[in-house]
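Have a look at it first, and then we'll go through its parts together.

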Amino acid sequence: MGLFTSINIAATGMSVERLRTDVISDNIANASTTRTQDGGAFKRKRVVLEPVSKELSWRTPFVPENMDAGAGDGVRVSEIVKDDTPGRLVYDPQHPDAIVSGPNAGYVEYPNVNIVNEMVDLISASRAYEANSSVIQGSKEMFSKALEIGR
């Protein structure tokens with residue numbers, strides 16, 4: 001592991017959490033959008049993450065061969081997917097986006113965005129961002145102390 005590995009790993013986490021915050025903000029902003037360019041109500045989006053893993057080129061001699069010594073290389077966005085769960089139906093036959101015919105005639109489909117869930121996700125993303133920021137700050141302090149020892 002290099003000197004700046006912890007900072008690089010935390011930086012990937014901060015980048016991902018910033019994107020999650022943007023996607024959550026988009027969901028909240030469109031919580032009552034009944035018509036999109038694709039047609040139909042807005043569909044909630046969510047971020048899918050995956051670990052960044054590379055084959056280790058160097059292995060510490062202090063860990064037995066059968067143990068996984070890789071700490072990982074961070075996280076990245078795998079994809080942003082639309083949540084296809086149905087939205088809530090509200091009876092409003094005067095609404096311009098009301099369903100014209102069929103069993104749901106007169107109903108308007110609203111987005112499948114639950115503001116409470118989005119706010120919980122937003123707090124989670126914010127706390128994860130703060131945690132990664134604390135890792136970077138701790139690493140900087142550790143480097144500073146190491147330089148002081150060398151004086």
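## A polar contact to start with

A polar contact is a pair of N or O atoms within 3.5 Å; within protein, one must be able to donate a hydrogen and the other to accept it, and residues adjacent in sequence count only if both atoms are side-chain atoms. Here's a case: a polar atom in the side chain of N132 sits 3.0 Å from the backbone oxygen of A128.

Before going on, some ground rules. This is a predicted model, where local features need pLDDT of at least 70 and side-chain atom pairs count only at pLDDT 80 or more, while totals for chains, interfaces and linings use all residues. Residues are numbered from 1 along each chain as its sequence is written, and side-chain values use heavy atoms, with hydrogens and water left out.

## The overall layout

The protein chain has two helices and four strands. Helices (H or I, at least four residues) and strands (E, at least two) are DSSP runs, numbered from the N terminus. Starting at that end, the order is α-β-β-β-β-α.

How much of the chain is buried? Of its 151 residues, 25% are buried. That word means under 20% relative accessible area, with exposed being over 50% and partly exposed in between (1.4 Å probe, protein chains only). Now for contacts, meaning heavy atoms within 4.5 Å: among those between residues at least 6 apart in sequence, 65% join residues at least 24 apart.

## The nonpolar core

In soluble globular proteins, nonpolar side chains tend to be buried together. A nonpolar core is a set of buried Ala, Val, Leu, Ile, Met, Phe, Trp, Tyr and Cys residues joined through side-chain atoms within 4.5 Å. The largest one in this model has five residues: I7, A10, M14, I136 and F143. Helices α1 (5–29) and α2 (115–149) are the elements that each give two or more residues to this core, and α1 has the largest share, with three.

Zoom in on M14. N132 is part of helix α2 and is buried, at 17% relative accessibility. Leaving out neighbours within four places again, N132 touches A10, G13 and M14.

## Salt bridges

A salt bridge is a side-chain nitrogen of Lys or Arg within 4 Å of a carboxyl oxygen of Asp or Glu. How many does the structure hold? There are ten salt bridges. One of them joins the side chains of R18 and D22, at 3.2 Å from N to O. These two are four residues apart in helix α1, so about one helical turn separates them. D22 is partly exposed, at 40% relative accessible area.

E109 pairs with K43, with the closest N and O atoms 3.4 Å apart.

R44 is buried, at 16%, whereas D121 is partly exposed, at 24%. Both belong to a network of salt bridges that links R44, D83, E118 and D121.
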